[in-house]
Amino acid sequence: MLNNIRWLVPAKQGGDSSEDREIVVSSRVRLARNLSDFPFEIKLKVKDSERLLQLSRSVIERDCPGQYIDMKELTSLERESLLECHLISPAFLKMNKPTGLYLNEHGNISIMINEEDHLRIQGLTGGLNLTDISAQVFECEEEIGRDLEYAFDEAYGFLTSCPTNLGTGLRASVLLHLPGLVFTNEVEKVLRGALQIGMAVRGLYGEGSEIKGSLFQISNQHTLGLKEEELIQTIIKLTHMIVDVEMKARDAIFTKAKHEFEDKIFRSLAVLRSARVMSTDETLNLLSALRFGIGTGTIKDVSLDVVNEIMLVARPANIQLYFSQILEEHERDIRRAEYIRKKLGGNEK
Amino acid sequence: MLCDDCKKKPATIFFKEVLPGKVTELHLCEACAQKRGLMMDKKLSPFELLQKLLQKRSAKDEQVICQVCYLSLAEFKRQGRFGCSHCIEHFRPYIENLIKQIHQSSKHVGRRPKQGARKSFKVFKLREELRRALEKEAYEDAAQIRDRLKDFGVDDAE
């Protein structure tokens, strides 16, 4: 039934260091680009935005084959689902202009047309995989750039609507799972270090979102004055450092209270396999414990791919698309529990 | 290691001052480092910094206008967004400092657009011109544009 969420692509293995896939949940790179011959978003008339959409679409369709999604033809549930899958931004849903989304054949590159910038080219993949995914994003950006002229300035690089994106227009981020540091109360200290070297730290759903399920997003804040490769390397290095301290925190926890932690992990799995009503937040927290259990080798009969899939499909809009039904919150919690039991070979009797 | 000042909490901040002939080392806990004024303030993010800097307004802002999209510097400061790719040229002297503060740099050193054939964009623009010429019933112009389109291998008879 995953086909019901036609843009859902489970995260793939491999990358810069795939053994950290439990801690580094996903990697993302996005480029902001504007076309020099069109006014930017605040000055773009509806008629021009339609022309821009049509032009970009014809170019992207040839350079970067995949599926085109006309946003106005989607139901609000489908739009919400794209957001839950991290394929579009919250701002994209609020645009009062014609907007379109492009997804490449593999589903790992998406292009928002008529967001705050004319084009937002994004690559998303599982694990620590920034080098590989950024190469794909740049290839796509270059192909499009052969046909469309990007707004560019010698001093300020690629020109963007907002001055904070000038230069490379690049935002690279990783989503990290840090239960060890959360438990030892060290997470704040580590993340403050990230802030000091110019990184931004946020919750699962970007700016202003709450920290849930021990998940943290780290991204670069500055886009001017550094090469794209340098920005990406800084995040990769920082990620390795954080993974390192997370591992140390886990060792400390296990030395002190091995049985208590194994107990917490197995109880979490038992609840996921048996519960009849399950909220999104509870799911995230239990999945965090399960993920932790897989990472520490405590749980051997559940794969990380299954956990990643549940993490996405259990979201409020996705679970409705999965069952092809509009569901009220309570109904949703029941069906979510049902879905999770099925995925984890749970107890149906 | 315990904090040099309070001798109670563990020291997490290491401070080293190097002066000619004298090196001072301090190991402090966060609270004591704060008391000595050695902790950095919470850093503003580029976006927060931008919001703050845009508050600095001047009466002249209304008169500085982008000659392509007609966005005024005043409007730029209200919205925090550029109106087109030419705003930078017209606002440059007024926003150099702002950009430098946000990014701690004022020079792009990254990738550049690859100079491609840009064929489809030219074709797109010519088609737009053709459409406008036909609307105005300027058939001679339209014929010329069609010839230029043919140079691109496009036979546009619409």
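# Reading the two chains

Guide: Read along its sequence, chain B goes β-β-α-α-α-α-α-α. Keep in mind that this is a predicted model.

Visitor: How many helices and strands does chain B have?

Guide: Chain B has six helices and two strands. Of its 158 residues, 16% count as buried. And if you take contacts in chain B between residues at least 6 apart in sequence, 28% of them join residues at least 24 apart.

Visitor: What makes B:C66 count as buried or exposed?

Guide: Count the C-beta neighbours. A residue is buried if 20 or more other C-beta atoms lie within 10 Å of its own. B:C66 has 23 inside 10 Å, so B:C66 counts as buried.

Visitor: Where does B:C66 sit?

Guide: B:C66 is in the loop between α2 and α3 (73-79) of chain B. Leaving aside neighbours within four places in sequence, B:C66 is in contact with B:L71, B:G83, B:C84, B:H86, B:C87 and B:H90. Take B:C87: this residue is 21 residues from B:C66 along the chain, yet their C-alpha atoms are separated by 5.2 Å.

Visitor: Over to chain A. In what order do the strands of the open sheet run?

Guide: Eight strands of chain A line up as β2-β3-β4-β5-β1-β8-β10-β9, with antiparallel pairing. From one strand to the next, the twist averages 20°.

Visitor: Why are β2 and β9 of chain A said to stand at the edges?

Guide: Each has a single partner strand, so one side of β2 (66-70) and one side of β9 (199-202) is left without a neighbour in the sheet.

Visitor: How do you know that β3 and β4 of chain A pair?

Guide: Count bridges here. Two strands pair if there are at least two bridges between them. Strand β3 (residues 100-104) and strand β4 (residues 109-113) of chain A have four bridges, in the antiparallel sense. For one of the residues involved, A:L103, the bridge partner in β4(A) is A:S110.

Visitor: Why are helices α4 and α7 of chain A called roughly antiparallel?

Guide: Look at the angle. Angles over 145 degrees count as roughly antiparallel. The axes of α4 (residues 130-147) and α7 (residues 228-274) of chain A cross at roughly 155°, so the two helices are roughly antiparallel to each other. Their axes come within 10 Å, and the crossing is right-handed.

Visitor: Which residues meet where α4(A) and α7(A) come together?

Guide: A:L130, A:T131 and A:S134 in α4(A) meet A:I232, A:I235 and A:I236 in α7(A). By class, that contact has four nonpolar, two polar and no charged residues.

Visitor: What about helix α9 of chain A: which of its residues are buried?

Guide: In α9 (residues 304-313) of chain A, the buried residues are A:V307, A:N308, A:I310, A:M311, A:L312 and A:V313. They pack against α2 (76-84), β5 (119-126), α8 (280-295), α10 (316-322) and α11 (329-343) of chain A.

Key:
Residues are numbered from 1 along each chain as its sequence is written. Chains are lettered from A and ligands numbered from 1 in the order in which they are written. This is a predicted model: local features need pLDDT of at least 70, side-chain atom pairs count only at pLDDT 80 or more; totals for chains, interfaces and linings use all residues. Axes are lines fitted to C-alpha atoms, for helices over the stretch in contact, and angles run from 0 to 180 degrees between N-to-C directions. Angles under 35 degrees count as roughly parallel, over 145 as roughly antiparallel, 65 to 115 as roughly perpendicular and the rest as oblique. A crossing is left-handed if the near helix is turned anticlockwise from the far one by less than a right angle, and right-handed if clockwise. Two residues are in contact if their C-beta atoms, placed from the backbone, lie within 7 Å. Ala, Val, Leu, Ile, Met, Phe, Trp, Tyr, Cys and Pro count as nonpolar, Asp, Glu, Lys and Arg as charged, and the others, Gly among them, as polar. A residue is buried if 20 or more other C-beta atoms lie within 10 Å of its own, exposed if 12 or fewer, and partly exposed in between; C-beta atoms are placed from the backbone.
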